Amino acid sequence: MADTRVNLAGLDLDNPVIPASGTFGFGHEFSELYDLNILGSIALKGTTREPRFGNPTPRIAECTAGMINSVGLQNPGIEHVIAHELPELSKVFHKKVIANIGGFSVEEFTYCCALADRQEQIGIIELNISCPNLHCGGMNFAAAPDSAREVVTAVRKVTTKPLFVKLSPNVTDITEIARACENAGADGICLINTLLGMRIDLRRQKPVIANKMGGFSGPAIFPVALRAVYQVYEAVSVPLIGVGGISGAEDVIEMMLAGASAVEVGAANLVQPYVCKDIIESLPHVMDSYGIGSLREIIGKAH
Amino acid sequence: MTQEIFEITENRLIARDIYRLHLLGSTAAMSAQGQFVNIRLDGKFLRRPISVCCYDHESVTLIYKTVGAGTRQLAAMRAGEKLDMLVGLGNGFDVSKSGTSPLLIGGGVGAAPMYGLCRELVAQGKSVIVALGFNSAEESYYIDEFASAGAQVLLATVDGSAGVRGFVTKAMEALEYSYFYACGPMPMLEAVNSAVNTDGQFSFEERMGCGFGACMGCSCKTLTGSKRICRDGPVLEKGEILWPTHE
Ligand SMILES: Cc1cc2nc3c(=O)[nH]c(=O)nc-3n(C[C@H](O)[C@H](O)[C@H](O)COP(=O)(O)OP(=O)(O)OC[C@H]3O[C@@H](n4cnc5c(N)ncnc54)[C@H](O)[C@@H]3O)c2cc1C
Ligand SMILES: Cc1cc2nc3c(=O)[nH]c(=O)nc-3n(C[C@H](O)[C@H](O)[C@H](O)COP(=O)(O)O)c2cc1C
Ligand code: FES
């Protein structure tokens with residue numbers, strides 16, 4: 001019998017399949033489709049201190065084997081998430097969740113994480129540091145080791161929960177950012193966030209997206225995500241979550257061979273709403289067909 | 001919402017660049033006129049949202065215009081082929097507010113969802129007036145179908161090749177009605193908003209990531225807070241809409 005269980009920085013998961021932040025809301029829409037309890041965990045929509053409307057529309061553009069989004073972290077704010085979204089989700093999902101925290105200043109990150117730290121339901125805090133630092137000329141926190149270290153060091157002081165840092169692929173050397181996070185006390189690294197991309201509408205001869213550029217994701221970015229996981233696996237010793245372009249059980253296995261202890265499935269949920277369920281159901285058969293008895297044993301095996 | 005496989009029974013050109021697609025499959029998840037489906041097409045990552053023109057317990061009719069690669073690919077599909085669709089999406093029109101003589105306003109491909117709505121309101125005994133606007137006679141469709149459904153039909157074309165010359169608001173001049181429902185391109189909806197003298201509902205379009213409320217790709221600001229066009233819409237009430245400001 002194929003064993004799909006994995007452990008993520010102390011958290012036991014029945015299987016490594018986790019819907020990625022921003023593609024699963026707070027679970028509500030998908031709970032109408034299938035029993036969410038089959039999932040390993042759920043990464044919630046990126047949450048900030050204040051409620052945010054996000055960017056102007058159009059926010060979505062299509063690409064070959066993928067999409068661009070510029071949602072701009074629309075969310076109801078951490079207080080509302082704790083008071084309403086978590087209790088609602090607990091009615092239909094009985095496992096620990098991953099809170100995805102965004103922020104535009106170090107103080108915003110620590111404020112939100114201190115609140116998240118007190119929530120029993122939250123098993124892991126995932127820091128989305130691919131946001132511009134408004135106090136620092138708008139430079140992305142994930143863009144340099146120093147700014148990444150600064151956020152992680154500050155957040156580490158306010159939470160004892162497993163802390164994962166989600167990195168941006170839009171950097172020269174992702175391994176040095178990952179190392180800085182590990183040194184600052186991160187319990188794991190999640191990679192990757194979206195790639196910066198754009199499309200131009202031929203009829204209007206203007207960018208499709210109102211904000212001109214946005215985050216590119218979907219099957220097209222799988223090789224980029226896999227490469228990042230492979231490289232970072234060799235650079236750090238904390239566990240990794242692999243995310244980017246996953247849409248089938250084979251992708252999960254490939255990502256784990258590269259070094260991921262668990263995976264997140266993003267854009268695929270939006271176009272194939274049953275994709276996580278399908279992956280979880282087919283995983284044991286696909287494992288059998290490759291002679292894999294336990295997923296834990298294949299983590300990083302490609303190295 | 002459910003994900004269903006539908007079988008194409010007809011896919012036919014009915015006006016310039018306008019096709020009618022008839023499909024067999026489960027419509028159990030559909031609960032109101034004005035809802036939409038989201039269609040998967042081979043080789044396209046995002047699904048294509050299309051309004052339901054009308055439906056019964058085992059079939060649905062869609063009317064679409066070929067504007068890009070996806071809709072052109074759809075137009076090349078034949079009877080017997082299968083389509084993977086998410087169905088029962090969006091809120092749809094609220095018929096309980098129609099009053100006794102509702103006005104249905106449809107522009108271009110936006111006339112399509114008015115057809116199912118028209119039939120439902122006529123079946124409820126309402127005296128339905130339909131105002132349709134097209135670019136030209138060649139692009140017009142369903143004028144006879146609306147009439148045989150029992151509506152009084154008013155027609156406007158931009159080039160004057162059928163009905164009165166001008167926008168659909170021209171056909172609505174001096175009309176009396178109890179409530180209105182409108183669907184069409186954004187400039188038309190704005191013109192309608194200035195022309196109407198009752199409450200009513202508008203159906204909107206936005207670029208969508210999922211079509212079922214998960215991605216926040218389609219949000220718009222309203223007087224009653226942020227709404228997702230795909231889930232809290234596509235139909236919004238006149239009183240809650242914040243129209244774009246033009247500089
Ligand atoms: C709720 C809703 C109902 C709709 N109902 C109808 C209908 O009944 N009949 C009809 O002909 N059209 C309808 N549309 C518009 C239809 O979705 C687009 O014309 C279609 O997606 C274009 O696809 P394409 O591949 O041909 O064009 P492309 O321009 O190549 O498409 C590229 C991307 O942009 C998106 N896109 C392009 N135009 C639009 C648009 N106007 N609205 C939303 N997304 C768009 C596509 O879905 C795709 O993701 C509706 C749109 C929405 C949001
Ligand atoms: C619509 C959308 C919204 C997203 N929102 C967030 C977010 O709020 N926080 C975050 O860390 N990542 C966000 N992401 C990034 C995804 O979680 C994921 O890292 C990325 O899309 C790559 O995975 P994929 O190729 O499977 O989509 C979002 C992605 C999409 C498509
Ligand atoms: S399109 Fe995803 S929320 Fe509306």
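This is a predicted model: local features need pLDDT of at least 70, side-chain atom pairs count only at pLDDT 80 or more; totals for chains, interfaces and linings use all residues.
The rule finds 2 salt bridges across the interface of domain 1 and domain 2 of chain B.

## The two domains of chain B

Chain B is divided into domain 1 (2–89) and domain 2 (95–205), with bounds from an automatic or database domain assignment, and their C-alpha centres lie 22 Å apart. Together the two domains of chain B bury about 1300 Å², 59% of it on carbon and sulfur atoms, where buried area is the accessible area (1.4 Å probe) that two parts lose on being put together, summed over both. On the side of domain 1 of chain B, B:Arg16, B:Gln33 and B:Ile63 lose the most area to domain 2, together 40% of what that side buries.

## Where chain B meets chain A

Chain B and chain A bury about 2500 Å² between them, with 58% of it on carbon and sulfur atoms. B:Phe45, B:Arg207 and B:Ala214 supply 27% of the area that chain B buries against chain A, more than any other three residues. B:Arg207 also forms a salt bridge with A:Asp201, with the closest N and O atoms 4.0 Å apart, and the rule finds 4 salt bridges across this interface of chain B and chain A.

## Reading the numbers

Residues are numbered from 1 along each chain as its sequence is written, and chains are lettered from A in the order in which they are written. Side-chain values use heavy atoms, leaving out hydrogens and water, and side-chain atom pairs count only at pLDDT 80 or more, while local features need pLDDT of at least 70 and totals for chains, interfaces and linings use all residues.

How values were computed
A salt bridge is a side-chain nitrogen of Lys or Arg within 4 Å of a carboxyl oxygen of Asp or Glu.
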